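Thank you all for coming. I would like to walk through one structure with you, slowly, and then look at one place in detail.

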Amino acid sequence: MPPQAALVNLSPAELSFLRSALSQTPPLRLDVTKGPRDFRSMRAECDVLPSANGSARIALEDGTEALVGVKAEVDTTPQRPVLGEQEHVVTNNGDEDSSANGKGRNGWIEMSVQVPGFRDDDALPVFLASMLSDSLLAGGQLKDRLYINTRFHWKLYIDILLLSPPLSYPLGLLSMATHLALLSTHLPSLKSEKDEDPLFDDDWAAASPLYPRSSSKPLTARDMPPVIILAIAVGPNIIFDPAKEELAVADAVLAVACTTSGGSGAGAKIVSIRTIDPPSHLTPPAVPNSMNSATGGTAPDSSAQALTMREMLATSGVWTPPRGGMKRGLVSQVTKMVVEKGGVAEEVIGALAGIEVG
Amino acid sequence: MATNTDRRRNNPPSGGTHAPVFARTLREPEYLQTLRPTRTRGPNELRRIFLQTSIIPSASGSAYLEIPSSSANSSSTLIPPTSSLKITASIQGPKPLPRSAPFSPSLLLTTTVKFAPFATRHRRGYIRDNTERDLGVHLETALRAVIIGERWPKSGVEVVVTILEGDEDGWWGDAHASGSGWGLLNVLAGCITVASAAITDAGIDCVDMVCGGVAAIIRNPDSRDEEDLVRVLDPCPAEHKQVVAACAVGYLASRDEVTEIWMKGDVGPDPDALIEGATHASVGSLAVVKEVLLEALQAKFQGQIESSQGAQKRKAQDVEMTG
């Protein structure tokens, strides 16, 4: 049986109340001081682990805490079979074209997520790891940076540890922690040339950052690691960074991974989108007064009659788990709110860049 | 992962085995490029689909989907240029939960997606690995939203999908293609379509038929410009040298809703065109699914009418024996 991470024990009446509050215009959130685009406050720090190439720790105000360590190792690249006489031809080609563009492999980045109370083959950690690695691999710039020469490459291990039990859906938190850890990651600088066995400078001060920082460029034009933003739809409203209880009444949940748009300098670009199964599908349906003989109604005689009576109270405000998916218009509305100039993505990436790195 | 190795069987090397490399491809590098398959369909043209329901008698619902390889097999090489997709799905249930299970107010859906060990170029083990689990999560998301679960309290249903042959991540000659994961999107779309047909075959209440479709943005192979991008429906990753972004959706056509989106790659600021392309592709597969289900239903009722008529006839022919 797959354990549901974010399942909350709310009664149908509470769910119904919460949903009607969230579907008002403007929505009234669980924390009433927050608007639909506000994120929960957090404490963050970088470079906390001395033995890792880069690391970060983020703690949310509700007690959820994540620690990310990035370690890099030099690894050999498997060679394709070549005939003996062609050996030098291949190396010549390598010398001509020394740029690393398009040479990175997806297998060079390995990600592991550990969530307390879950085995590492449960659905939640597997899903979190693949969503995070999808977004990291999407652009292709990161894996190209791990290329050393034709025979060697860096292998990047990103290990994510959720220190607290998953009090709310941890995807956004883990992605922000990974973002900070990658920003603080440094790789030793290379002293050897071309196809020699790699030799590195042992001076840590000379190490080059994995994501180069140049303060002259504006933030949006810089190359930044992706960040995943969680959005829920409740009725017509779109709410970002939902709490656990808000997630329990959502019609649909969307995770949008985006990064800075690079050259053009306006807004952000999307690297990956996924829908997440909202936990509201598993909530118990309410029994209306009209079907309950204890409150003056008449209990249905047969299961067929019960079905008909259930279908007829669709809009009466009695809690029924939502059905169906997400309207296509809603998807494009969410992505537009995330990527537009001054949108949620730019805000989040800007805020994370403001944290003192190193 | 060390915990995932199978210690009970005598397994082949864990790194997988390679397709044989022939001397000619090494001596003449240009020869290899002539084997590269190209897309012969139009950008909006889908591959043909074969679907059949009720193939496993002991399951309450089942279906088989096949998308055959689009390029013709050439006789000059032993290696097939493109792969095809073959998936079976079977449904067990709805059946009551075991007594020890906690109360559940709605139908508990369990999805298991497994590649057969021989389904891809690299051998898959018997124990599900992370990509297979992840596909299972995707399929569950796609199906959970369409099944009206509150009508079956305290029961469970298992969707078991076996991939007999999976789409490849790219052409076998491109070293960078393996492990890129583009073929998984096609596999997911196929899984959604075939599982949905099997659920309909099992007679489980749904709000609509969910169908899978894939669209991709690729670099135009005909032009020199790096920025010249084309959108294609139902991409076969082996036929495209550079896939920039791709998207698989689970689409409810009559409600115009998506239950599942899996998009990855360098999408840019506006993903709408890609999602729209994927929904067009899923409408194409919906047409096939509808026809097949209608045929299956007709055949079922035809059979019932005939058998009931036959029974009446037999009764009339029975001679009452009197002593």
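Let me begin with a question: in which hand, left or right, does α3(A) pass α5(A) in their crossing? Before I answer, please keep in mind that what you see is a predicted model. The crossing of α3(A) past α5(A) is right-handed.

To place the two helices, α3 covers residues 123-138 of chain A and α5 covers residues 171-183 of chain A, and they pack with their axes 11 Å apart at an angle of about 45 degrees. Because of that angle, α3(A) counts as oblique to α5(A).

As for the residues that meet there, α3(A) brings Leu128(A), Met131(A), Leu132(A) and Leu136(A), while α5(A) brings Leu171(A), Leu174(A), Ser175(A) and Leu182(A). Sorted by class, this contact between α3(A) and α5(A) holds seven nonpolar residues and one polar residue, with no charged ones.

Stepping back to the whole of chain A, we find nine helices and 12 strands, and of its 358 residues 51% are buried. Among the contacts in chain A with a separation of 6 or more, 68% join residues 24 or more positions apart.

Chain B, in turn, has five helices and nine strands, which follow one another from the N terminus as α-α-β-β-β-β-α-β-α-β-β-β-β-α. Of the 323 residues in chain B, 49% are buried, and its accessible surface comes to about 16100 Å², with 53% of that belonging to carbon and sulfur atoms.

Note on methods:
Residues are numbered from 1 along each chain as its sequence is written. Chains are lettered from A and ligands numbered from 1 in the order in which they are written. This is a predicted model: local features need pLDDT of at least 70, side-chain atom pairs count only at pLDDT 80 or more; totals for chains, interfaces and linings use all residues. Side-chain values use heavy atoms; hydrogens and water are left out. Axes are lines fitted to C-alpha atoms, for helices over the stretch in contact, and angles run from 0 to 180 degrees between N-to-C directions. Helices (H or I, at least four residues) and strands (E, at least two) are DSSP runs, numbered from the N terminus. Angles under 35 degrees count as roughly parallel, over 145 as roughly antiparallel, 65 to 115 as roughly perpendicular and the rest as oblique. A crossing is left-handed if the near helix is turned anticlockwise from the far one by less than a right angle, and right-handed if clockwise. Contact means heavy atoms within 4.5 Å. Ala, Val, Leu, Ile, Met, Phe, Trp, Tyr, Cys and Pro count as nonpolar, Asp, Glu, Lys and Arg as charged, and the others, Gly among them, as polar. Buried means under 20% relative accessible area, exposed over 50%, partly exposed in between (1.4 Å probe, protein chains only). Accessible areas come from the Shrake-Rupley method with a 1.4 Å probe; for residues, only the protein chains shown count as cover.
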